[in-house]
Amino acid sequence: MSLAINKPRPDTMVQMTFLDALVQAQIEELERDERVIVMGEDIAVYGGGKLVSRFDERRIWSMPISETSFTGVGIGAAMTGLRPIVDLSIASFMYLASDPIINQASKLRYMTGGQVKVPVVFRCCMYYGSSLAAQHSDRPYPQFLNVPGLKIISPTSPADIKGLLKSAVRDDDPVLIFEDTKLWPVKGEVPTDPDHLVPIGKAEIKRAGSDVTVVAIGGAMRLAMDAAKDLAEEGISIELIDPRTLKPLDMDTIMASVAKTGRLVLVENAHRVANLSSEIAALIAEEGFESLKKPIRRLCAPDVHVPFSPALEQHVFPGKAQIVAAVKGLM
Amino acid sequence: MSLTKGRDSETYRRMLRIRKFEEEGTRLYKAGKIPGAFHASIGQEGTIVGACIALCDSDAMTGTHRSHGHPIGKGAELKALMAELMGKATGICKGRGGSMHLADNSVGIIGESAIVGGGIPLATGCGLSAKVRQTDQVCLCFFGDGAVNQGTFHESLNMASLWKLPVIYLCENNGYAITTSIARSHGQPNIAKRAEAYGMPGIAVDGQDVREVYKATSEAVARARRGDGPTLIEAKTYRFDEHQVGLFIPGTPYRHAEEVETNKKLRDPLLLFRRALLDTSFSEAELHEIESSVVAEVRDAIQFAEASPFPPASALYDYMYSNPILYPPQGATSAV
């Protein structure tokens, strides 16, 4: 009979949006572990209403507009027995929060010789492409890639946001989630299993292929999927990789794919100077140079601020046509 | 209010431990045995120990870059602290923190922050955690007069007041943020008065009088445990040494030599407390016994630290992440 107990439960799936999966993951973690709390500004808005109605005020903390300090409060709470999810809302506010994230959360485990741990999750939402102008349109994860001690994830599917957010909450290190809000309405199959975990540090091959490796990050993934479909009709086979975790990066998966295809296109919406594509390109140049048949191509936002006018902003972020053109240019 | 003899004895012992530990540390620093920067809290022992002695062992604490006194005040053993100053593998932070970060978690310290004002939100988070966990733990938050002008002070005290968090904000006001005096940096020089704006009690005490600091902190701790919220205590103290041992500051002195000498002579918290103890319940012999045992403790700590090994290069990546399978990253071996 013990075999029956150990049998995994039926892996049922339901259709839901990325945003619903995100909220469901938080509800399930709040229910599973009373050390989990949620902190943030205007917490009842943008899906948080379900959290507020379900849990009492000791679990859901509505924050004053004090991003620097409430980030530090989350870190202090994490160091003394809680597992906070700190909602930093718009990613441009990360700069105010960056001192405690970098100087305290990322460093204290190391600086104390392992005496403390900092199990805190930061949610940062990237809202570009919506005429919000430069102070509300940032995609600031590259700055944080340069910080040792952090883990950084940017899932692109409803199942992955559920599974990776849960892994983040259960992790003993600080984890930053960069959510591309363009993905919030995207629907997908999500496991109902409350212990559905996607491991931090593992990439996923979204589509197997043999001609060109395309690595797409965050919101660029949807465009890359569409591009891969179009290219397949023209007989070009794309291997599409979603790193899912940006730090620590699963280079083994990317390296193995490039060894097979010999061609690499990197697509992301962060500015091109010292972003994740730069790092992947550098690592391929150092350790996978012999595999390359053609130069690496990077498609990113240029080194210019995000403008307000739609007439200008439409030229900032790489689109499907550019991905298709970049791939064809390597054939 | 008079402290009990046992507490007086422990208070004097901890103050003296800080003094002797730092006198010897200064000597070793000048001799090149301690790397980095060395910020002594000599002169501020009354403030540190007076506040710490009002806590329970299970209470939490945060401190500053002037970090040596805080763990000692909270009751830490000296050996691992001295080894840390020397960058040894047996150091309290395994040689990864050093002089500005002597955090000993075994006595409740969650961090000694060398980012001025950086510990204030952490202490506030500890207060929030105590409230969520429904314990009677309080957090003592040390910071200096310079940190009062950081945004984290304003933001954190507002939140602590809003949610009545069990935090004691203790400002070690030694009059100078490195070389910048209160007069040159505070539009309103009365730090305790700032509490009123946040709706919490603000109390100014003589930080050189350990009993006065103890009394004010005890009341703040009781208030916090009752669920009545935070208190801001401004302890007016004085740093006897330079901001950092051996620091050369060019130009016109920011404080007069006579000011330093007068404080050393008339406002030394150890001399003041020793005199008070002799006037009340202690004999010269009893104090001698404490003094010689502290000297021996510091000597043992130095012996332990000097005999300890440095961490090996292979340990560079230790304590980075909770799950080391992910580390070191690609390229790490070629980069080192």
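# Reading a two-chain model, step by step

Modeller: Let's start with how chain A is divided: the domain assignment gives domain 1 (12-191) and domain 2 (204-330). Keep in mind that this is a predicted model.

Biologist: How many Å separate the centres of domain 1 of chain A and domain 2 of chain A?

Modeller: Taken over C-alpha atoms, the two centres are 26 Å apart. The domains also touch: 24 residues of domain 1 of chain A are in contact with 22 residues of domain 2 of chain A.

Biologist: Which elements of chain A supply at least two residues each of the side of domain 1 that touches domain 2?

Modeller: On that side you will find α7 (141-145), β6 (151-153), α8 (158-170) and β7 (175-180) of chain A, each supplying at least two residues. By residue type, this side of domain 1 of chain A divides into 14 nonpolar, five polar and five charged.

Biologist: Now the two chains. How many residues of chain B are in contact with chain A?

Modeller: Here 38 residues of chain B are in contact with 41 residues of chain A. In chain B, β2 (109-113), α5 (119-133) and α6 (151-162) each supply at least two residues of the side that touches chain A.

Biologist: Which element gives the most to that side of chain B?

Modeller: That is α5(B), with 10 residues. The residues of the side of chain B that touches chain A divide into 18 nonpolar, 16 polar and four charged.

Biologist: What does the secondary structure of chain B come to?

Modeller: Chain B has 13 helices and eight strands.

Biologist: And why can we say that chain B is as compact as a globular protein of its length?

Modeller: The idea is to compare its radius of gyration with what the globule rule gives. For chain B the radius of gyration is 20 Å, close to the 20 Å that the rule gives for 336 residues, so chain B is as compact as a globular protein of that length. Along the principal axes, the C-alpha atoms of chain B fill a box of roughly 60 × 50 × 45 Å.

Biologist: What share of the residues of chain B count as buried?

Modeller: Of the 336 residues, 51% count as buried. Looking at contacts in chain B with a separation of 6 or more, residues 24 or more positions apart account for 77%.

Biologist: Last one: what is the mean pLDDT of chain A?

Modeller: The mean is 95, and 96% of the residues of chain A reach 70 or more. Over residues 1-7 of chain A, though, the pLDDT is below 50, and this stretch has zero contacts in the model beyond near neighbours in sequence. Where pLDDT is low, predicted coordinates should not be read in detail.

How values were computed:
Residues are numbered from 1 along each chain as its sequence is written. Chains are lettered from A and ligands numbered from 1 in the order in which they are written. This is a predicted model: local features need pLDDT of at least 70, side-chain atom pairs count only at pLDDT 80 or more; totals for chains, interfaces and linings use all residues. Two residues are in contact if their C-beta atoms, placed from the backbone, lie within 7 Å. Helices (H or I, at least four residues) and strands (E, at least two) are DSSP runs, numbered from the N terminus. Ala, Val, Leu, Ile, Met, Phe, Trp, Tyr, Cys and Pro count as nonpolar, Asp, Glu, Lys and Arg as charged, and the others, Gly among them, as polar. Domain bounds come from an automatic or database domain assignment. The radius of gyration is taken over C-alpha atoms; the globule rule is 2.2 Å times the number of residues to the power 0.38. A residue is buried if 20 or more other C-beta atoms lie within 10 Å of its own, exposed if 12 or fewer, and partly exposed in between; C-beta atoms are placed from the backbone. pLDDT is the predictor's confidence in each residue, from 0 to 100.
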